[in-house]
Amino acid sequence: MAVFSQHSYSWFTLSLLLLFIPKGATAASFTFVNKCDYTVWPGILGNPKLDSTGFELPKGSSRSFQAPTGWSGRFWGRTGCNFDSSGHGSCSTADCGSGEIECNGAGATPPATLAEFTLGSGSQDFYDVSLVDGYNLPIIVEGNGGSGACSTTGCVTDLNRSCPNELRAQGGAACRSACEAFGNPEYCCSGAYNTPATCKPSMYSNIFKNACPKSYSYAYDDATSTFTCTGADYTITFCPNSPSLKSASNSNSSSKGGETTDGPGSDAEPVQAASFASSWLANLAIGDSTRSRPCFPPQHALVLVITLFLCFLPL
């Protein structure tokens, strides 16, 4: 029978502790990937501020950022941009109006496809891809290395091709929401329509929903559009070349509109999150996160107790 020295026990204990330090307890990473046939200029709005609020992402390239737990904000892709050597200029779609490559705290001018996040300062991260402010280019969000449902979500369909004439913008380079196009309260979920009970999907939001079943199509489209993951890093891909969306954790799925919709039970977390999602979206980008992630979860504490016990076993 092998005999371990005290040094061996200490090394064994340290190895276990390093193995069970929870990933993402201090930060998550966002990686932007551009698979478009053209340059995209991502915009970033969130709290606290990341290393950049806007940058150039040539086709075929990627760039990553670290974000602290509790971070809340949104990302989008600007297209048709023209910036001079000093970084001053503007974009034809999703411009943030700062007059610079950096958005400096300004959001996207609709129409814009948005990827929205609240990183749990404790348990779950909440994320979605929203067409509520219209659409300008396809985006998907993938969670990597996390636990929970962690479904891939987004819109891979080119909605600019199927956009109704009355919603077309920027010469067909973007598709407006019905709210932006017409300003009616029933389309904007405002006034008397400012509740889930009174604001219902319109024929226009249904066009978006049928094309992109996992994306927000109107303000209260929570149950099928908000997703959760714990301790993940995220990849935001512009113009993904994948023909379908797949759940990272559920292989029981059915095809719908060229994308996959998760099978029975896979939407449990989004449905449970629906009541939270409305207030979460309202507080998006101001850092109002109500979730907290323990620094050392109970199951990891159990491992610590066991390893400490092993350290003091008689040799």
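This is a predicted model: local features need pLDDT of at least 70, side-chain atom pairs count only at pLDDT 80 or more; totals for chains, interfaces and linings use all residues.
Which handedness does the disulfide of cysteine 163 and cysteine 175 have, right-handed or left-handed? The torsion about its S-S bond is about 85°, so the disulfide is right-handed.

## Disulfides

The count of disulfides comes to eight. Three of them are described here, with their sulfur distances and S-S torsions in the table.

| Disulfide | S to S distance | Torsion about the S-S bond | Handedness |
|---|---|---|---|
| Cysteine 81 and cysteine 91 | 2.0 Å | about 105° | right-handed |
| Cysteine 96 and cysteine 103 | 2.3 Å | about -90° | left-handed |
| Cysteine 163 and cysteine 175 | 2.1 Å | about 85° | right-handed |

In the disulfide of cysteine 163 and cysteine 175, the sulfur atoms are 2.1 Å apart. Cysteine 163 lies in the loop between helix 2 (159-162) and strand 11 (168-169), and cysteine 175 lies in strand 12 (residues 174-175), so the pair ties together parts that are twelve residues apart in sequence. Cysteine 163 and cysteine 175 are both buried.

Cysteine 81 and cysteine 91 form a disulfide with their sulfur atoms 2.0 Å apart. This pair links distant parts of the chain, ten residues apart: cysteine 81 sits in the loop between strand 4 and strand 5 (82-83), and cysteine 91 in the loop between strand 6 (89-90) and strand 7 (114-118). Cysteine 81 is buried, at a relative accessible area of 13%. Cysteine 91 is likewise buried, at 10%. The torsion about their S-S bond is about 105°, so this disulfide is right-handed.

The disulfide from cysteine 96 to cysteine 103 has an S to S distance of 2.3 Å. Its torsion is about -90°, so it is left-handed. The relative accessible area is 5% for cysteine 96, which is buried, and 1% for cysteine 103, also buried.

## Aromatic pairs

Across the whole structure, a search finds 19 aromatic pairs. One of them joins phenylalanine 30 and phenylalanine 75, with 4.8 Å centre to centre and 65° between the planes, an edge-to-face arrangement. Phenylalanine 30 belongs to strand 1 (residues 27-34) and phenylalanine 75 to strand 4 (residues 72-78), so the pair ties together parts that are 45 residues apart in sequence. Phenylalanine 30 has a relative accessible area of 0% and is buried. Phenylalanine 75 counts as buried at 1% relative accessibility.

A second pair is made by phenylalanine 55 and phenylalanine 65, whose ring centres are 5.2 Å apart with planes at 50°, so this pair is tilted. Phenylalanine 55 lies in the loop between strand 2 (41-47) and strand 3 (62-68), while phenylalanine 65 lies in strand 3, so the pair ties together parts that are ten residues apart in sequence. Phenylalanine 55 and phenylalanine 65 are both buried.

Phenylalanine 55 also has a charged neighbour: arginine 63 lies over the face of its ring, at 4.8 Å from the ring centre.

Which residues form one aromatic cluster? The members are Phe30, Phe32, Phe55, Phe65, Trp71, Phe75, Phe117, Tyr127, Phe227, Tyr234 and Phe238. Phe30 and Phe75 of the edge-to-face pair and Phe55 and Phe65 of the tilted pair are among the residues of this cluster.

Methods: Residues are numbered from 1 along each chain as its sequence is written. Side-chain values use heavy atoms; hydrogens and water are left out. Rings of Phe, Tyr and Trp (its six-membered ring) pair if their centres lie within 6.5 Å; planes under 30 degrees apart count as stacked, over 60 as edge-to-face and the rest as tilted. Helices (H or I, at least four residues) and strands (E, at least two) are DSSP runs, numbered from the N terminus. Buried means under 20% relative accessible area, exposed over 50%, partly exposed in between (1.4 Å probe, protein chains only). A charge sits over a ring if NZ of Lys or CZ of Arg is within 6 Å of the ring centre and within 35 degrees of the ring normal. A disulfide is a pair of cysteine sulfur atoms within 2.5 Å.
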